[in-house]
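Load the model and keep the selection panel at hand. The tour below goes stop by stop.

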Amino acid sequence: MLKTKSKILVVGPCEAGKTWISNFLAEATESSGGQYHPTQGVRILEFELEGNTETGRQFKTEVELWDCSGDRRFESCWPAFWKDTTGILLVYNPDKPRQEKELEKWYLHFVVKQNFKDSQCVIFSHHKPKTDKVLQPPSSQRLSGVHCALTDLEEDPDSLRDEFNSFVVALVTNSLNKQDQEEEGIMEGRH
């Protein structure tokens, strides 16, 4: 079984549900009594995920999920987050119209400026409980190449986990393919 590491930044506007999603994925419990407590800077959650790459290779990856504050006052910390990042999980609440506008700014800052590919990014359109749920990807043309998933922890937590696991499989597959190509290049250079 191949062993890898996956560092994924969870970013987006304030009150989008980043911490709820991060806690759920890492199977971490944090009691907040249902009240909103904004993340201060960043929280790092670690867990392991096993699976098969898109080509059928078994892997175990150590996931570092960086739950980043949506408060722009922590922007000076962001450059420290980028080192060794393999993927970006953008989260927004489509029930709050301003968040869709903010989402493009997060995408530009965390994906475009850092030269990430759209395949290294996923958008979770995260609905809060008891709201109308219609998957309506962000209207921004800039975000049209990024996979967008409708998520709801209360009504369909399995779908959220499946979407995340598929994203990690794609990241690991891409990383291993890149590593294989580099090794082949080294071997070809020896002959």
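A salt bridge here is a side-chain nitrogen of Lys or Arg within 4 Å of a carboxyl oxygen of Asp or Glu. Keep in mind that this is a predicted model.

**Stop 1: Lys-60 and its partners**

Select Lys-60 and Glu-50. Their side chains meet in a salt bridge, at 3.7 Å from N to O. Lys-60 sits in strand 3 and Glu-50 in strand 2, so this pair ties together parts 10 residues apart in sequence. How exposed is Glu-50? Its relative accessibility is 53%, so Glu-50 counts as exposed. Lys-60, at 21% relative accessibility, counts as partly exposed.

Glu-48 lies in strand 2 (residues 42–52) and Lys-60 in strand 3 (residues 58–68), so the pair ties together parts that are 12 residues apart in sequence. Show the three residues together: Glu-48, Glu-50 and Lys-60 are linked in a network of salt bridges.

**Stop 2: Arg-73 and Asp-71**

Move along to Arg-73. Which residue does Arg-73 pair with in a salt bridge? The partner is Asp-71, and the closest N and O atoms are 2.9 Å apart. Arg-73 is exposed, with a relative accessible area of 55%. Asp-71 counts as partly exposed at 25% relative accessibility.

**Stop 3: Ile-44**

Go back to strand 2 and pick Ile-44, which lies in that strand. Its relative accessible area is 44%, so Ile-44 is partly exposed. Which residues does Ile-44 touch, leaving aside those up to four places away in sequence? The contacts are Leu-65 and Trp-66. Then draw a distance from Ile-44 to Val-63. Their C-alpha atoms are separated by 9.9 Å, and the two residues are 19 apart along the chain.

**Stop 4: the cavity**

How many cavities of 30 Å³ or more does a search of the whole structure find? The search finds 1. The largest cavity has a volume of about 30 Å³. To display its lining, select Thr-4, Lys-5, Ser-6, Thr-86, Leu-171, Val-172 and Ser-175. Color by element next: strand 1 (2–11) and helix 4 (157–190) each supply at least two residues of this lining. By class, the lining of the largest cavity has 2 nonpolar, 4 polar and 1 charged residues.

**Stop 5: the second largest pocket**

Finish at the second largest pocket, with a volume of about 240 Å³. Select Thr-85, Thr-86, Lys-117, Gln-120 and Leu-171, which are among the residues that line this pocket. Color the selection by class: the lining of the second largest pocket divides into 1 nonpolar, 6 polar and 3 charged residues. Keep both linings on screen.

Notes: Residues numbered from 1 in each chain as written. Predicted model: local features only at pLDDT ≥ 70, side-chain atom pairs only at ≥ 80, totals over all residues. Heavy atoms only, no water. 1 Å grid on protein atoms, 1.4 Å probe; cavity = no way out; pocket = protein on both sides within 12 Å on 5 of 7 lines; lining within 4 Å. Points joined across faces, edges and corners; volume = space filled by probe spheres on them. Nonpolar A, V, L, I, M, F, W, Y, C, P; charged D, E, K, R; others polar. Helix = DSSP H or I, 4+ residues; strand = E, 2+ residues; numbered from the N terminus. Buried < 20%, exposed > 50% of the residue type's maximum accessible area, 1.4 Å probe, protein only. Contact = heavy atoms within 4.5 Å.
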